[in-house]
Amino acid sequence: MSLPIDWIRPGAGGIEVAGGAAFVDPSLPRPLAIVTHGHADHARSGHGRVIATHETLAIMEARYGPTAGWAVAYGETVEIGDVRVTLYPAGHVLGSAQVLLERGGERVIVTGDFKRAADPTCPPFVPVACDVLITEATFGLPVFRHPPAAGEVAKVMERLAEAPERSVLIGAYALGKAQRVICHLREAGYDRPVYLHGAMEKLCALYEAHGVKLGELRSATGAEAEEMAGHVVVAPPSALRDRWTRRLPDPVLAMASGWLQVRQRVRQNNIDLPLVISDHADWAELTQTIREVAPSEVWVTHGSEAGLLRWCELNQIRARALHMLGRTDEGEA
């Protein structure tokens, strides 16, 4: 298949721009990297210089140490040779950005990971017209239709009311998911302290420093069991199967993930309370986005490529799978 644009090339080390002048989300150290967001399968250490939002650079510094950053605000355009680079909100996590690349009148959007569901922790996704759309497809099958987060959080409130002598332990990834779940709880009227596993504390503090209000947070480390009765505790998903949980008062095991729409995943993880809350676009959001930005071609970086490619074929849109190395479909979903 001939490509309409020849100055963008997918490779093992990321999306190569203008013959290696820069790379988008490279998995290998590069002299100049454009990083869409702070999750580890997109933001790696060792780059010479990183173009990203101020928030993403702060996340990278918190995770990897000092980073030579070129901070770019949403809507701001910078130039790399004859390529214009503009960042737009992706709605995935704090600081997440889509990358618009322009050269000679041709426009390419790299979405990074994105979603269109409401999220109080980051600006909403902005559809941007382009000639080539390079998109994820983590949930690129028609079966994936994520429910509103408010309904999922209501389950937590109901469980707390039913059993105030217990805690609800929510497994959520430390960057993005944990803070979003806490904010949705606050929106639902939960005004009690939220207890945090130690692994969550640094990034929750970073979110607070960037204006995301999480309410009263307390460390679960050293807290007495009776103190946490009737409260929400947030921890990494791995902690749900750890001895660490023994300090909690008969916890209800919950987890927040788009994958929990699949019942087998709930059983595999021994989850009492599945919360179908995802930070990735579901099938409806993926197809809506393609319709809105109206590209002449779609490239799929990772996920359920076959389903989205078939949809594009049925809608007379050229499409190809890139099979990018180093991208994960399950981790922060």
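This is a predicted model: local features need pLDDT of at least 70, side-chain atom pairs count only at pLDDT 80 or more; totals for chains, interfaces and linings use all residues.

Residues are numbered from 1 along each chain as its sequence is written, and side-chain values use heavy atoms, with hydrogens and water left out.

**Task 1.** Which residue forms a salt bridge with Arg218?

**Solution.** 
- Step 1: recall the criterion, a side-chain nitrogen of Lys or Arg within 4 Å of a carboxyl oxygen of Asp or Glu.
- Step 2: the partner is Glu216, and the closest N and O atoms are 2.8 Å apart.

## Salt bridges elsewhere

**Task 2.** How many salt bridges does a search of the whole structure find, and where in the structure do Arg166 and Asp250 lie?

**Solution.** 
- Step 1: the search gives 15 salt bridges.
- Step 2: look at helix α2, residues 149–162; helices (H or I, at least four residues) and strands (E, at least two) are DSSP runs, numbered from the N terminus.
- Step 3: Arg159 and Glu162 form a salt bridge there, at 3.8 Å from N to O. The two are three residues apart in α2, so about one helical turn separates them.
- Step 4: compare their surroundings. Arg159 is partly exposed at 24% relative accessible area, whereas Glu162 is exposed at 61%.
- Step 5: move on to Arg166 and Asp250, whose closest N and O atoms are 3.1 Å apart in a salt bridge. Arg166 sits in the loop between α2 and β12, and Asp250 in the loop between β15 and β16, so this pair ties together parts 84 residues apart in sequence.
- Step 6: finish with a network of salt bridges that links Lys115, Asp119, Arg180 and Asp279.

## The six-stranded sheet

**Task 3.** What is the strand order in the open sheet of six strands, and which strands are at its edges?

**Solution.** 
- Step 1: follow the pairing, where two strands pair if DSSP finds at least two bridges between them. The order is β14-β13-β15-β12-β16-β17, with parallel pairing.
- Step 2: the strands that pair on one side only are β14 (217–219) and β17 (273–275).
- Step 3: on average, neighbouring strands here are turned by 25° against each other, direction ignored.
- Step 4: zoom in on β16 (residues 252–256), which is joined to the parallel β17 by three bridges. Ala254 stands opposite Leu273 of β17.
- Step 5: α2 lies across β12 (168–171), β15 (232–235), β16 and β17, at about 155° to β17; axes are lines fitted to C-alpha atoms, for helices over the stretch in contact, with angles from 0 to 180 degrees between N-to-C directions.

## The core

**Task 4.** Which residues have the most contacts inside the largest nonpolar core?

**Solution.** 
- Step 1: such a core is a set of buried Ala, Val, Leu, Ile, Met, Phe, Trp, Tyr and Cys residues joined through side-chain atoms within 4.5 Å.
- Step 2: this core has 35 residues, and the answer is Val156, Val168, Ile170, Leu185, Val232, Val234 and Leu275.
- Step 3: elements that each supply at least two of its residues include α2, β12, α3 (177–187) and α4 (198–209).
- Step 4: take Val156 as an example. Beyond its neighbours within four places in sequence, Val156 is in contact (heavy atoms within 4.5 Å) with residues including Val168, Leu185 and Leu273.
- Step 5: a second, separate core has 25 residues, among them Ile15, Ala22, Leu32 and Val110.

## A threonine in a helix

**Task 5.** Is Thr56 buried or exposed, and which backbone oxygen does its side chain reach?

**Solution.** 
- Step 1: Thr56 is buried, at 0% relative accessibility.
- Step 2: its side chain reaches the backbone oxygen of Gly95 at 3.0 Å.
- Step 3: further contacts of Thr56 include Val35, His37 and Leu94.

Conventions. Buried means under 20% relative accessible area, exposed over 50%, partly exposed in between (1.4 Å probe, protein chains only). A polar contact is a pair of N or O atoms within 3.5 Å; within protein, one must be able to donate a hydrogen and the other to accept it, and residues adjacent in sequence count only if both atoms are side-chain atoms.
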